[in-house]
Amino acid sequence: MTRCSKVLGMVLLASGSAQATEFRPNGSLGLTQTFYGDSGNYQTATSHPSLVLNYQFSPKWSVDLEWDRTWNLYSYTGGAKQQNNDYSEPSGTLNYAYGNLGASKVNWSSSLKVETQSNFDNSSQGYVMGQTVFDFSKYLPSNEYIQPTQFALAPMYIYGTNVSGPSGTVNTAGLGLLTSWDLPANFSITLNAYVFKDWYSGSFAISNDTSTYKSATYFMLSAWLEYSKTLHQFNDRTSLAFNFAGGLDPYVMSNRRAAWDPFLAGDDMYQWLSPTVMDGNYKDAYDLFALPQLNLTYNFNKTFSANVFVQVKYSNQQWGSNEKDWRLQPQAGFGVVYRF
């Protein structure tokens, strides 16, 4: 659900490195408004504005600020096939690009993210995530069929606490393998794998019908295929594009059979909305989706652009002990971006 801000942050870091000898602060401010419809007989209709600021203020430093707010477009009563999306998530990420590690071709960068999550039910959580990334992609061979754009090891640490409501904390230590590849014909693929362990206290503890656990170990895999092609260039300002994304988002397995939902699973998701129902106690779970999109973009000038889009998502509405009920969900929205 933070995919767009991650990509923008990487673009800004790359542009900043290229301008290191003649640097000028730069960035972008964007607003995207998405409307989600119902997913078959599942009530998932939601309004979702997302405000994102990316700012590169020095050759090596940048900051990403994002605020996402969702609310239901129907009367939520807690029904079995209703998804409660009354939610707010502001976050801020500070990034630092060290450059190459010594005389090697390993690119080194680090980030520190602060995020709060609130469902407006008298409880909210705060998280701090520190991560350092060692990218070895320059050592990998490339050819006309496949070109590595990232092949990185990423040690990370996450601390979470209840800001309001019952007291509790979670500490997470993990390691990620982050990879992305450009393929022929405008395709690309992202494959991320993580191993991590959570230590819980208080209300963060996970449980099933017979046991309560104060720790859990997880393996997680995300795999997305993406495609983008300009269908028609009306003039030098207006274009129509077809975009597609789909895959595992994510697959998670654990040594604990319980109703778990680790922070890292939501943080790495491509989509914003997860499946409607997390069913029972489980040792593994997955979300599988396909999201084709038509996007019309108009560039007012070099610094300001606007777009409108329509898309439809096909995904399972239940996950956990039973992945099932694949449904279509219509989506539409608009966005504006100002670059400075």
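**Group meeting: a walk through one predicted chain**

K113 and E115 are both buried.

What do the side chains of K113 and E115 form? They meet in a salt bridge, with 3.3 Å from N to O. K113 also has a salt bridge to D267, and there the N to O distance is 2.5 Å. D267 belongs to helix α2, residues 263–267, while K113 belongs to strand β5, so this pair ties together parts of the chain that are 154 residues apart in sequence. Through shared partners, the salt bridges join K113, E115 and D267 into one network. D267 is buried, as is K113.

How many salt bridges does a search of the whole structure find? The count is four. One of them links D86 and R69, with the closest N and O atoms 3.0 Å apart. D86 sits in the loop between β3 (61–72) and β4, and R69 sits in strand β3 itself, so the pair ties together parts that are 17 residues apart in sequence. Are these two residues buried or exposed? D86 has a relative accessible area of 25%, so it is partly exposed. R69 comes out at 17% relative accessibility, which means that it counts as buried, the cut-off being under 20%.

Now to the surface. Which residues form the nonpolar patch there? They are F57, W61, L94, L112, V114, V128, Y157 and Y159, and together they have about 670 Å² of accessible area. Two elements give two or more residues to the patch, namely β5 (107–118) and β7 (147–164). L94, one of the patch residues, comes from strand β4, which covers residues 87–100. The relative accessible area of L94 is 36%, so this residue is classed as partly exposed.

On the display, please go to Q318 next. This residue is in strand β16, which runs over residues 304–320. Its relative accessibility is 10%, so Q318 counts as buried. What is Q318 in contact with, once neighbours within four places in sequence are left aside? The list is Y42, P275, V277, D279, E323, K324 and D325.

Last, the chain as a whole. Its secondary structure comes to two helices and 17 strands. Among the elements already named are helix α2 and strand β16. Along the principal axes, the C-alpha trace spans about 60 × 50 × 40 Å. For 340 residues, a compact globule would have a radius of gyration near 20 Å, and the chain has 20 Å, so the two agree.

How much of the chain is buried? Buried residues account for 46% of the 340. The accessible surface comes to about 16,600 Å², and carbon and sulfur atoms hold 60% of that area. As for contacts, take those between residues at least 6 apart in sequence: 61% of them join residues at least 24 apart.

Key: Residues numbered from 1 in each chain as written. Predicted model: local features only at pLDDT ≥ 70, side-chain atom pairs only at ≥ 80, totals over all residues. Heavy atoms only, no water. Patch = residues over 30% accessible without salt bridge, like charges linked within 9 Å, V, L, I, M, F, W, Y side chains within 5 Å. Areas by Shrake-Rupley, 256 points an atom, 1.4 Å probe, with all protein chains shown as cover. Helix = DSSP H or I, 4+ residues; strand = E, 2+ residues; numbered from the N terminus. Buried < 20%, exposed > 50% of the residue type's maximum accessible area, 1.4 Å probe, protein only. Contact = heavy atoms within 4.5 Å. Rg over C-alpha atoms; globule rule 2.2 N^0.38 Å.
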